[in-house]
Amino acid sequence: MKEAGQLDVTAMIFDHVGDSYYWHLTDIGETSVSAPLPVLVYSEHTGWHAFSSSHFHHGHEAYEGLAIAPEGSAYAGKIIEVATGERPLFDASITKNVAGLLIASVLLCLMVIGAARWYRKKDVTAPVPKGFVGTMEMMVSYIYNDVIKANVPEHTARYTPYLLTVFFFIFLTNLLGLIPGSANITGNIAVTVTLALFTFVITNIFGTKAYWQEVFWNKELPAWLRPLMAVIEFISLFTKPFSLTIRLFANILAGHCALLGVISVVFLTAVSMPGGGNYGMSVVSVLLAIFLDMLEVLVAFIQAFVFTMLSSIYIGLSQAHHHE
Amino acid sequence: MLGMILLEILSTKGAAALGAGLVAVGAGMGLGKIGSAAMDSMARQPESISKVQTAMIIIGALVEGVSLFAVVVCLLAS
């Protein structure tokens, strides 16, 4: 709800945590400081289009038969074809989230490969690494020993690359999302559903015969109970990745929204309690925001840890063997 | 009397806000129980503090996950 002259908090929050075709940093007066991102669209009627999103002028103009749909339409904020009013066939634009994902991937590769190269240069008798490589070794060995090897005791080497990658990816993107002006990656359900889908596929493709038997025709139960348990277990096959998705998505999104809401108190009280009240509430709001930021760093680690731990538990369960 | 207040809130502000409040109650109660059990066990046996702390954080994340499902539903309903 927007009163005259007052900040529209809901719109601002969704603007910050949502996706867009340009990377908006701030508004100085009336001009917005934003970096336009490439638009790459294939439409059945007009073929390939590749141009910078600055041609859209923040959604005010159309270009080459494409425009950004206005608020209130079904495709609000996304590119539609002016002629048909529908989405083009293939929209592979580098949006803010895609750019954020690419930056996070490059950073992750640099971090991990950079740390690994240190080990290649030394032999076994070298002293323990310090600094960045030491931190990476500490985290990797903690996750490998206490999470991965503990839950997947056999064939650990097959699943370690995926599990370690998922841990560091989620941790890094959670932390990156806390920087003001960054893309909200893990707070986007498309990203978390993809990660959960990876876990789902890995768990079920490598499931042993004993695992599938436990799911569908569990020999340890009385025969009359097995059909019911088969239905329940089949449903739980899908609820597990669903819960992985929602847990990560909602935790990170809620953290970002809470942080933005607390900061917006500064702007809301500028109108409702001008002068001394505004200064007082600004101090409170900044202190609360610092506390929330610290909490979000902790949540970033915990969510990455819990996702990795639950994934390794599911993988470990799918490697079940018959009890002889 | 309480029912009338409830109907009033539901009709004007919407059920999503009421749902979000209930989620907070549920999450608070669940996490409080986890924390209190963890405190008791840590006080009884100080050697197991780090193990209990790890388990407490993991279970806290899981319980919070359930409450966040409800938050997402409330967001969708609003």
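**A tour from the chain contact to the cores**

Begin by selecting the contact between the two chains of this predicted model, to which chain B contributes 9 residues and chain A contributes 10 residues. If you colour the chain B side by residue class, you will find 7 nonpolar, 1 polar and 1 charged residues touching chain A.

Stay with chain B and select helix α2 (residues 15-44) together with helix α3 (residues 49-77), whose axes come within 9 Å and cross at roughly 175°. Angles over 145 degrees count as roughly antiparallel, and α2(B) and α3(B) are therefore roughly antiparallel to each other. The residues of the contact between these two helices comprise 18 nonpolar, 6 polar and 1 charged.

Next, select the largest nonpolar core, which has 38 residues and in which A:V166, A:F167, A:I170, A:A304 and A:F307 have the most contacts. At least two residues of this core come from each of α3, α4, α5, α7 and α8 of chain A and from α3 of chain B, with α8(A) giving the most, 9 residues. Centre the view on A:F167, and, leaving aside residues up to four places away in sequence, you will see that it touches A:I143, A:A304 and A:T308. A second, separate core has 9 residues, among them A:Y21, A:F56, A:L66 and A:I79.

Finish in chain A with the open sheet of 3 strands, ordered β4-β3-β7 and paired antiparallel, where β4 (47-52) and β7 (90-91) are the edge strands, each pairing on one side only. Strand β3 (residues 38-43) is joined to β4(A) by 6 bridges, and A:V41 has A:H49 as its bridge partner in β4(A).

Conventions: Residues are numbered from 1 along each chain as its sequence is written. Chains are lettered from A and ligands numbered from 1 in the order in which they are written. This is a predicted model: local features need pLDDT of at least 70, side-chain atom pairs count only at pLDDT 80 or more; totals for chains, interfaces and linings use all residues. Axes are lines fitted to C-alpha atoms, for helices over the stretch in contact, and angles run from 0 to 180 degrees between N-to-C directions. Helices (H or I, at least four residues) and strands (E, at least two) are DSSP runs, numbered from the N terminus. Angles under 35 degrees count as roughly parallel, over 145 as roughly antiparallel, 65 to 115 as roughly perpendicular and the rest as oblique. Ala, Val, Leu, Ile, Met, Phe, Trp, Tyr, Cys and Pro count as nonpolar, Asp, Glu, Lys and Arg as charged, and the others, Gly among them, as polar. Two strands pair if DSSP finds at least two bridges between them. Two residues are in contact if their C-beta atoms, placed from the backbone, lie within 7 Å. A nonpolar core is a set of buried Ala, Val, Leu, Ile, Met, Phe, Trp, Tyr and Cys residues joined through C-beta atoms within 7 Å. A residue is buried if 20 or more other C-beta atoms lie within 10 Å of its own, exposed if 12 or fewer, and partly exposed in between; C-beta atoms are placed from the backbone.
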